[in-house]
Amino acid sequence: MEAIEKIKEVLVASVQGAQIEIIASTPAAAQPALLVDRDHVAGVARFLKEDDRFKMDFCSCVTGVDYPALGVIEVVYHLYSVALRQGPVVLKVRAPRDLQECHVPSLTPVWRGCEFQEREAYDLYGVKFTGHPDLRRILMWDEFTDHPMRKDYVPPQDYEWEPTPHDATLDRAKAAGGIVPPTALEDAKKK
Amino acid sequence: MAIDPGLKSELQKHGVFTIPFEELYNWSRKSSIWPLQFGLACCAIEMIASAASRYDLARFGAEVFRATPRQADLMIVAGTVTKKMAPQVVRLWNQMPEPKYCISMGACAISGGPFKDGYNVLKGIDRYIPVDVHIPGCPPRPEALIHAIMTLQRKIAGTDLEAGRRPRWYDSSATTDFPIPAFGEHDLVPPANREIWSPPKDYTDVTIAEVLKKS
């Protein structure tokens, strides 16, 4: 597997107009990623899958990441090549957090295995995948309107009774005017 | 309706066994509790172990796990009840014929357990259906489940059949339907069945604000 800089060079040369940026990873992950612009991510994905040097035939993971400070939702694809026994190549694509604008091209037409994982990202982060064959919620029920993994998600106020509250749960119970055992409050104070 | 123990013992010597009808009736019912065959998470694995040969739930007459609620007497809620699953659990409960019992098995089924702060987990099945026995544990061992079944058996053995003190299912006009929660935009609607669930009475007099003021 070539270095990430080399992969970027090949991609920029092969996929016309693609704007690719290398995102250095945190030391823990040790996996630098390629940030691709929304318009060219499908082309880049197809190239990575079909080119003989990469043969990225397996998309193992699709997930979303919410960056409220940057105002973006990022979708991360982890790609492996089973044929050449190499990987991962990490593809990232960003969309604005605003629900109306939050859409990226679906990579399900490239890797069929993305279907459920893109549905999950849509369900929990509210990213619309344009070109997805069946974009419905997969974990929450259809009537649900929120996207719970977004950092500004407000969970329902069902804190009326908390037998063992602490930290954030205690704060929520207080805000909801809920009921807790008096001993639990004493325990919280001791901390 | 107690029989004189001396007379009972004397009759037994002659091969005559006497027993109040109530006792016989309750004994036969408590000795053949058929649970509903359904599990929701890891607690179900312990439930399966309880039914298998090592722990052998058959010793208590409760080994016949029925794959349909129509033939089940006992619902063992074994595992995390997600909000998406909760309406289905209530629906199954409604489909079980009376008399029926519910065991809430494990931390999750009691209160949501380690997942109770999650947006997707119901904070205890007792918010929607009446629970007879709670088993703490994460997951509870098979012995704990067996203990719960024995506790339930004691409860069944104590059922009073005298007119006026009979359980609800002898009243043919009593409804056995519990409202099935609907999927709402943010949460289940309603979030709890207020007729059967409310915060424990011991604490309801004091709100957090009052306790904070005092201390």
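Analyst: Between chain B and chain A, 10 residue pairs are in polar contact, with both residues of each pair at pLDDT 80 or more; the model is a predicted one. On the side of chain B that touches chain A, the elements giving two or more residues are helix H7 (201-204) and helix H8 (208-214) of chain B. Of these elements, H8(B) gives the most, with 3 residues. Sorted by class, this side of chain B holds 11 nonpolar, 6 polar and 9 charged residues.

One salt bridge pairs B:Lys123 with A:Glu162, and its closest N and O atoms lie 2.7 Å apart.

The extent of the interface can be given in residues and in area. In residues, 26 of chain B are in contact with 29 of chain A. In general, the accessible area lost when the parts come together is often used to give the size of an interface. Here the area buried between chain B and chain A is about 2600 Å². Carbon and sulfur atoms give 63% of that buried area.

Chain B has 8 helices and 5 strands in its secondary structure. Read from the N terminus, its elements follow the order α-α-α-β-α-β-α-β-α-β-β-α-α. The C-alpha trace of chain B spans about 70 × 45 × 40 Å along its principal axes.

Two cis peptide bonds in chain B deserve attention when backbone geometry is examined. B:Val189 and B:Pro190 are joined by a cis peptide bond with omega of about -10°. Another cis peptide bond joins B:Cys138 to B:Pro139, with omega of about -15°. B:Pro139 belongs to the loop between strand S3 (133-135) and helix H6 (142-157) of chain B.

The surface of chain B also carries a nonpolar patch of about 440 Å², made by B:Ile19, B:Phe21, B:Leu24 and B:Trp27. Of these residues, B:Trp27 is placed in helix H2 (residues 21-30) of chain B.

A:Lys55 is not a glycine, yet its phi is positive, at about 45°. A:Lys55 is located in the loop between helix H2 (41-50) and strand S3 (58-67) of chain A.

Notes: Residues are numbered from 1 along each chain as its sequence is written. Chains are lettered from A and ligands numbered from 1 in the order in which they are written. This is a predicted model: local features need pLDDT of at least 70, side-chain atom pairs count only at pLDDT 80 or more; totals for chains, interfaces and linings use all residues. Side-chain values use heavy atoms; hydrogens and water are left out. Contact means heavy atoms within 4.5 Å. Buried area is the accessible area (1.4 Å probe) that two parts lose on being put together, summed over both. A salt bridge is a side-chain nitrogen of Lys or Arg within 4 Å of a carboxyl oxygen of Asp or Glu. A polar contact is a pair of N or O atoms within 3.5 Å; within protein, one must be able to donate a hydrogen and the other to accept it, and residues adjacent in sequence count only if both atoms are side-chain atoms. Helices (H or I, at least four residues) and strands (E, at least two) are DSSP runs, numbered from the N terminus. Ala, Val, Leu, Ile, Met, Phe, Trp, Tyr, Cys and Pro count as nonpolar, Asp, Glu, Lys and Arg as charged, and the others, Gly among them, as polar. Patches are made of residues with over 30% relative accessible area and no salt bridge: like charges are joined within 9 Å, nonpolar side chains (Val, Leu, Ile, Met, Phe, Trp, Tyr) within 5 Å. Accessible areas come from the Shrake-Rupley method with a 1.4 Å probe; for residues, only the protein chains shown count as cover.
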